[in-house]
Amino acid sequence: MYQAVIKAIDNANNADPNSVKFEGQSYAKEFLYAMRMTDMLTRFKPDADELMHIAARGQHIERWRSPRSDFPLGKQGYYQWRGALYGFHAERVTALMKTAGYSLADCERVYAAVAKKNIKHNPDSQLIEDIASLVFIEHYMLDFAMSKPDYDEAKWLGIIRKTWQKMSSGAHEFVLAGQIALPEPLKPLILKALN
């Protein structure tokens, strides 16, 4: 069942029309993101069970099907989009799990984690939030910074601190112990934000 769901998630994400280059190869954008989520989960919590591997792998499933442009501009529109995405991804992943034969209880557990239900109180939701934050810092923060040249230092310190606040103390320790590669150009800013 597990292999069937992982394969179905990978097939869905490989249909992403957006491609990215990494180490000289071209990948479907969400497929590469899913691989990075799995890699980070394995590094951060090597004993994670298969349900959390499914949740991590499917956390962005078919994200391109719900573009930010479908929602109003501004902060409120952004939060509407994010909320809709959480439900969309959770529905897609659990539909694949049901097809593969997973129990309702297993599907509900993954749904809650992917939909980020009760972060800070649900350890599964917090784990997926930690993994997503760690992946963002290691792989996406620098590109995000380069896409926002108008952001000043104060804005960046705020973004880094908000990301940090979402994470658990275990994820903080993981970062501070040098277990992820901080983007070199942003290192001074990150360290300043965390002091």
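**Spaces and helix packing**

Me: Which elements each supply at least two residues of the lining of the largest pocket?
Reply: This is a predicted model, in which local features need pLDDT of at least 70 and side-chain atom pairs count only at pLDDT 80 or more, while totals for chains, interfaces and linings use all residues. Residues are numbered from 1 along each chain as its sequence is written, and side-chain values use heavy atoms, with hydrogens and water left out. Elements are DSSP runs numbered from the N terminus: helices (H or I, at least four residues) and strands (E, at least two). Two or more lining residues come from each of β1 (19-22), α2, α4 (74-100), α6 and α7.

Me: What volume does the largest pocket have?
Reply: A pocket is an open set of points on a 1 Å grid over the protein atoms alone, with protein on both sides within 12 Å along at least five of seven lines. Its volume is the space filled by probe spheres set on the points, which are joined across faces, edges and corners. For the largest pocket this gives about 1800 Å³.

Me: Which residues lining the largest pocket are the closest to its centre?
Reply: Lining residues have an atom within 4 Å of a point, and the largest pocket has 43 of them. By class they are 18 nonpolar (Ala, Val, Leu, Ile, Met, Phe, Trp, Tyr, Cys, Pro), 16 charged (Asp, Glu, Lys, Arg) and nine polar (the others, Gly among them). The largest share, nine residues, is from α6. Closest to the centre are Y78, W81, R82, F136 and F144.

Me: Which element gives the largest share of the lining of the largest cavity?
Reply: A cavity is a set of grid points where a 1.4 Å probe fits but cannot get out; the structure holds one of 30 Å³ or more, and the largest has a volume of about 60 Å³. Its lining consists of I137, M141, I160, T163, W164, V175, L182, I190 and L194, with eight nonpolar, one polar and no charged residues. Two or more of them come from each of α6, α7 (153-166) and α9 (187-194). The largest share, three residues, is from α7.

Me: What is the handedness of the crossing of α2 and α6?
Reply: Helix α2 (residues 29-44) packs on helix α6 (residues 123-146) at about 115°, with axes 9 Å apart; axes are fitted to C-alpha atoms over the stretch in contact, and angles run from 0 to 180 degrees between N-to-C directions. α2 is therefore roughly perpendicular to α6 (65 to 115 degrees; under 35 is roughly parallel, over 145 roughly antiparallel, the rest oblique). A crossing is left-handed if the near helix is turned anticlockwise from the far one by less than a right angle, and right-handed if clockwise. Here the crossing is right-handed.

Me: Which residues of α3 make the contact with α1?
Reply: The axes of α1 (residues 2-14) and α3 (residues 50-57) come within 10 Å and cross at roughly 5°. The two helices are therefore roughly parallel to each other. In the contact (heavy atoms within 4.5 Å), Y2, V5, I6, I9, D10 and N13 of α1 meet, from α3, E50, H53, I54 and R57.

Me: How many charged residues does the contact of α2 with α3 have?
Reply: The axes of α2 and α3 come within 8 Å and cross at roughly 145°. From α2 the contact takes A34, M35, M37, T38, L41 and T42, and from α3 it takes M52, H53, A56 and R57. Six of these residues are nonpolar and three polar, and the number of charged residues is one.
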